[in-house]
Amino acid sequence: MRTALLITAKDLRQRLRDRSIIVFAVIAPLGLAVIFSMLLRGATSFHADYVVVDLDGGSLATTFTEQVLGGLKDSGVATIETRATEADARQAVEVANAEGWKADAAFVIPIGFSEAIAAGQPTSIAILGAKDAGLGTEIARSVAARFADGVASVQLAVLTVGDLRGTPPAGADMAAIVAAAQQPAIALVDTGADLRQLSWATFFSSAMAVLFLFFAVQSGMLSLFEERRQGTLARMLAGPIRPGTILAGKAFGSFVTGVASLVVLIVATTVLLGADWGPPPGVALIVVSAVISAIGITTLVTSFMKTADGAGAANSAVAMTLGILGGTFSPTAQAPEAMQALSLVTPHAWFLRGLAEMQGGGTIADALPAVGVLLATGLVTGAIGFARARRLVAPR
Amino acid sequence: MSEEAQARVVLAARDLRKRYGTIEAVRGVSLEIHEGETYGLLGPNGAGKTTTISMICGLLARDGGEVHLDGAPIDVGAVAAKAGIGYVPQELAIYPDLTAKENLVFFGRLYGLAGARLKTRIGEVLALIGLTERANDRTDTYSGGMQRRLNIGIGLLHQPRLLLLDEPTVGVDPQSRNAILESIAKLGKQGMAILYTTHYMEEAERLCDRVGIIDAGEIRAEGTQRELVAMVGEQDTVRLTVTGDVPGAAADVAKVRGVVRADAKDNTIEILVADARQVLPRLIDAAEVRADVKGVDVVEPDLEAVFLHLTGRALRDAAE
């Protein structure tokens with residue numbers, strides 16, 4: 001054991017001097033997590049600037065501007081400003097004002113809008129979209145379309161009631177009906193805090209961490225090839241040391257490297273990105289089991305190779321394939337069911353699942369299945385890998 | 001070497017055999033090395049020196065034979081007994097990204113040294129190999145000779161009973177080579193048993209108490225330099241530098257009375273002869289029938305002559 005730790009200490013000293021391990025274990029995953037989180041943070045906090053021109057002034061036009069657009073404003077999704085004429089609205093979406101403000105789209109409600117709806121006649125809301133605000137314009141179009149759908153159904157109902165009673169509702173009654181039609185029949189309740197899913201920042205932090213973990217831990221077994229090339233392996237084997245001790249030293253070096261890499265990333269992403277990894281004891285369990293899993297798989301892959309270059313290439317290919325399958329670049333929940341099922345053959349998916357299970361009130365117990373799968377994967381592949389890897393250090 | 005030291009056998013290797021496919025690399029090599037004795041294994045490249053030394057230190061599984069260090073058997077599975085061996089491989093075996101001191105600390109601890117003893121030994125070894133001033137520099141900044149010296153220093157750090165040196169001066173500049181040979185000579189005087197493989201005759205002559213001449217996996221002769229030279233008798237080596245029909249001239253020279261053998265190589269004829277001074281005129285006459293003699297060199301009997309006598313080849317030619 002003392003000799004194995006001696007080899008571990010020597011390996012760690014070499015890896016710290018060879019800064020490539022710091023790049024793979026810390027800088028690359030942290031950098032990518034920051035980039036992905038910032039990109040996705042922009043996509044999930046949508047905000048649009050709209051202007052509205054009410055040329056009608058009727059009750060139904062007011063329903064649209066106050067209830068529909070007002071709802072967007074109240075929820076913080078959009079800023080709504082009014083303009084007097086269509087020309088003013090067009091200018092607002094085409095040219096920025098003195099403060100640099102420019103609308104993403106404009107709603108233009110034509111004269112006679114309310115009367116046409118009340119009479120069951122066709123009418124329209126014009127959408128003027130800015131050239132550089134495709135998403136804002138699409139959302140404006142969707143908002144108007146949903147209002148139009150509501151109006152159409154109300155018109156159908158009103159005509160039906162009119163046929164039955166002979167006096168269809170009009171004026172304020174009609175406006176109240178149209179407003180009521182804008183209310184969704186089924187309300188969605190945001191249960192964010194209770195959902196067992198990772199925030200974008202946490203997802204990409206953990207995904208990049210587990211992806212690069214497989215690069216970080218492979219250096220231990222790969223160094224066997226380097227030791228053999230530079231003659232130091234033979235020198236060790238000529239001394240009072242068992243081949244298995246050398247393998248143990250290498251494996252423990254990989255373990256320390258993997259755990260250190262994840263701990264640094266957990267702390268850094270928590271501080272820099274606000275990632276919430278979950279309860280520390282549970283995270284520690286997941287981290288340790290993931291590192292064991294990664295060491296097992298990389299040892300198995302390395303044991304089939306004959307050169308350091310070959311082993312490095314094979315391990316990289318396996319790490320990337322498992323990473324993509326395991327949903328480290330996009331959550332598997334967004335993938336087809338077959339891919340979701342396939343992802344479960346990867347430690348990456350179980351690592352992310354284990355962390356997600358501890359979100360939203362989840363406990364360590366919820367993460368235990370993932371821990372079990374990760375440990376089993378590591379122990380099985382590691383046992384085969386180390387048995388095979390003995391040939392790399394055995395006297396010939 | 002005292003009689004007491006003679007009696008204490010440190011290394012006993014008997015009937016070592018190793019085969020690679022159809023090639024029998026080592027064929028029944030046996031040797032003994034006593035305490036304080038430096039034993040040279042002299043032979044050309046491919047003679048089986050490295051294979052023999054690898055089997056002795058348990059790096060290579062042998063097909064036959066046995067090795068004992070101070071009476072304890074050594075094989076690939078041995079652990080504790082290997083602590084008594086210091087191994088200096090032919091190729092450099094140091095960590096280039098560590099300093100000399102870090103290399104020594106690592107390998108010293110591997111052999112069980114620690115604390116003050118480790119520190120003392122590192123200081124002594126650094127002084128012996130002349131690297132005290134550069135001890136804290138990374139070894140990839142060293143010259144080839146300095147790296148070679150460190151390579152040796154690691155092997156003797158733990159003061160092994162047996163030091164195995166596998167051609168430690170290959171590729172070393174003359175100055176560093178001289179320093180290395182001086183260091184090894186000191187170790188022998190301190191009582192360490194040393195097995196030194198080389199294809200440089202002059203190194204074997206300078207360092208070794210006894211020499212085993214190895215060729216094609218077999219030890220062809222063994223003894224002190226005096227004993228080996230005696231095998232050649234009073235024979236001298238004459239080298240004629242010639243131009244013209246060199247093989248033809250060599251054949252003519254071989255017919256001269258007193259010539260044991262004559263071998264042509266490029267533009268020289270290497271002749272083993274009983275009494276060079278007396279026969280020399282007739283050798284030149286015989287050679288000049290088919291060639292022009294441009295130079296004559298008479299060499300006193302040495303290990304080169306022994307090798308030539310035993311194998312029919314010059315050591316330096318066989319080493320190429």
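User: At what angle do α3(B) and helix α5 (residues 144-156) of chain B pack?

Analyst: This is a predicted model, where local features need pLDDT of at least 70, side-chain atom pairs count only at pLDDT 80 or more, and totals for chains, interfaces and linings use all residues. Residues are numbered from 1 along each chain as its sequence is written, and chains are lettered from A in the order in which they are written. Helices are DSSP runs of H or I with at least four residues, strands are E runs of at least two, and both are numbered from the N terminus. The axes of α3(B) and α5(B) are 9 Å apart, and the angle is about 25°.

User: Are α3(B) and α5(B) roughly parallel or roughly antiparallel to each other?

Analyst: Axes here are lines fitted to C-alpha atoms over the stretch in contact, with angles running from 0 to 180 degrees between N-to-C directions. Under 35 degrees counts as roughly parallel, over 145 as roughly antiparallel, 65 to 115 as roughly perpendicular and the rest as oblique. The helices pack at about 25°, so α3(B) and α5(B) come out roughly parallel.

User: Which residues of α5(B) does α3(B) meet?

Analyst: Contact means that C-beta atoms, placed from the backbone, lie within 7 Å. From α3(B), Ala100(B), Asn103(B), Leu104(B) and Phe107(B) take part. On α5(B), they meet Leu150(B), Gly153(B) and Ile154(B).

User: Which element gives the largest share of the side of chain B that touches chain A?

Analyst: The contact takes 23 residues from chain B and 20 residues from chain A. On the chain B side, the elements giving two or more residues are β6 (85-88) and α3 (100-110). The largest share is three residues, and it comes from α3(B).

User: How many residues of strand β3 (residues 38-42) of chain B are buried?

Analyst: Buried means 20 or more other C-beta atoms within 10 Å of a residue's own, with C-beta atoms placed from the backbone. Thr38(B), Gly40(B) and Leu42(B) point one way, Tyr39(B) and Leu41(B) the other, and all are buried. β3(B) is largely enclosed by the rest of the structure, because the buried count is five of the five.

User: Which residue in β8(B) is the bridge partner of Tyr39(B)?

Analyst: Strands pair if DSSP finds at least two bridges between them. β3(B) has four bridges to strand β9 (residues 210-215), running parallel, and there Gly40(B) stands opposite Val211(B). Five bridges join β3(B) to strand β8 (residues 193-198), also parallel. In β8(B), the partner of Tyr39(B) is Leu195(B).

Terms used. Contact = placed C-beta atoms within 7 Å. Buried ≥ 20, exposed ≤ 12 C-beta atoms within 10 Å, placed from the backbone.
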